Amino acid sequence: MLILKSANLADADAEYAFMSALPADENGFTNPWHGTPRGEFEQIALRDMIAWSKGELLPPGYVPETFYFLWDDDRIVGQFRLRHHLCDALREGAGHVGYAIAADCRGRGYGTAGLRLLLREARAIVPEEEIYLRVNRNNPASLRVMLKCGGAIHHQDEEKTYVRIPNMKNTLDAILSRRSYRGKYLPAPVPREHLTQIMQAGYAAPSGCNKQTTSFVAVDDPALLAKLHAVIDPPIGTTAPAMICVLTRRIIAYRDRCYSVQDYSAAIENMLLAIEALGYASCWIEGHITDEDRIGRKMADILGVPQDMDMVCFLPVGVAAESIKGPVKKPFEQRAFFNGYFGE
Ligand SMILES: Cc1cc2nc3c(=O)[nH]c(=O)nc-3n(C[C@H](O)[C@H](O)[C@H](O)COP(=O)(O)O)c2cc1C
């Protein structure tokens, strides 16, 4: 599993091993604690890293900065730094982000994976609408990482390329940027807190006559995920570290009217938007599990869902490992009008 973990005293041995191997300056990524002996690592290097993340003990001109280590299971493979906001010098210079990957771990996708995880963290910390990054022009591999993570080149000077990546901030951003994702996911866990927030978004959706026909089950147990995926044919979303299962009960709202389809659709869209806003990817998977092969019923049985409830959809949840591209849509003008319908 890949985890981005902020600098902390409990992991001092592994953090020291990583930092002591990192040069004082490599491609513009500076290590002010290079050469700090092991005996002073906690008191000097870790003290600074932890204090700076809280905005304490900052050298003049510095802004608060969180130091994260990228762990692949029990090994640190990289360091990612996030400056909490811009100042004039950062706006013109290094921007929000710095990162370095251990020399023997390069070329294995850790830069892209770590940057994707860092951008997820940035949504909750950085107030600016764009994340600013800078890379040496003689470092095309690092530029590729930034572009793969949604970056666009803003400008260049003789030595550096300056890149910007959108940092989502409001509901409209989430609505406009959401796309269905069917690619691979990073092996990075989705915290329970986020799965709860996503289900709360579903729970908050409207329902016809307030019949509240929709229920949710979040699955993050790898053994249970494997059991569920064993009945999903053809496979989809198999590498996602979590999924949200959407259940419905056909409760009559009034006379013969049942709004359960509208209810669960509203809940699903709310959850897709929460997933997007939290920096994860997903896809509304309904057609796939509600055909004659009744995959949804098989999944429901595995989860102990009563027979009078249907499992109508599942949403894989995780950080996308690949770029997200949606299908082409008809031009806006062919589907939306003012004061009358003027389409075909
Ligand atoms: C009711 C419904 C059922 C869907 N079922 C599936 C599905 O079973 N498998 C799948 O890959 N995508 C499914 N999708 C996702 C659509 O294919 C997708 O939303 C559409 O192609 C538009 O792309 P976008 O979501 O990126 O805007 C479903 C979407 C809806 C609304």
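Reply: Domain bounds, as used here, come from an automatic or database domain assignment. The model under discussion is predicted.

Me: How far apart do the C-alpha centres of domain 1 and domain 2 lie?
Reply: The protein chain is divided into domain 1, residues 2–167, and domain 2, residues 176–317. Between the C-alpha centres of domain 1 and domain 2 the distance is 35 Å.

Me: Which element gives the largest share of the side of domain 1 that touches domain 2?
Reply: In the contact between the domains, 8 residues of domain 1 meet 5 residues of domain 2. On the side of domain 1, the elements that give two or more residues are β1 (2–6) and α4 (110–125). The largest share, 6 residues, comes from α4.

Me: How many nonpolar, polar and charged residues has the side of domain 1 that touches domain 2?
Reply: Cys and Pro count as nonpolar in this classification, whereas Gly counts as polar. By class, the side of domain 1 that touches domain 2 has no polar residues, 3 charged and 5 nonpolar.

Me: Within what arc do the buried residues of α1 fall, seen down the axis?
Reply: Helix α1 covers residues 12–21, and E15, F18 and M19 are buried in it. An α-helix has 3.6 residues a turn, so residues three or four places apart point the same way. The cover over the buried residues of α1 includes α2 (38–53), β4 (65–72) and β5 (75–83). Seen down the axis of α1, the buried residues line one face of the helix, because they fall within an arc of 95°.

Me: Is β5 mostly covered or mostly open, and how many of its residues are buried?
Reply: A residue is buried if 20 or more other C-beta atoms lie within 10 Å of its own. β5 has 9 residues and is mostly covered; the number buried is 8.

Me: In β6, which residue is the bridge partner of F80?
Reply: β5 pairs with β4 in the antiparallel sense over 8 bridges, and Y68 stands opposite F80 of β5. β5 also pairs in the antiparallel sense with strand β6, residues 97–101, over 5 bridges. In β6, the bridge partner of F80 is Y99.

Me: Which residue takes a positive phi in the hairpin of β4 and β5?
Reply: The hairpin of β4 and β5 has 2 residues between the strands. A positive phi near 55° is taken there by D73.

Me: Why does R108 count as exposed?
Reply: R108 lies in the loop between β6 and α4. R108 counts as exposed because its C-beta neighbours inside 10 Å number 12.

Me: How far apart in space are P234 and H288, C-alpha to C-alpha?
Reply: P234 is found in the loop between α8 (222–230) and β11 (242–248). P234 is exposed, with 5 other C-beta atoms within 10 Å. H288 is one of the residues around the ligand. P234 and H288 are 54 residues apart in sequence, and their C-alpha distance in space is 8.2 Å.

Terms used: Residues numbered from 1 in each chain as written. Predicted model: local features only at pLDDT ≥ 70, side-chain atom pairs only at ≥ 80, totals over all residues. Near = placed C-beta within 6 Å. Contact = placed C-beta atoms within 7 Å. Helix = DSSP H or I, 4+ residues; strand = E, 2+ residues; numbered from the N terminus. Arc of directions from axis to C-beta. Pairing = 2+ DSSP bridges.
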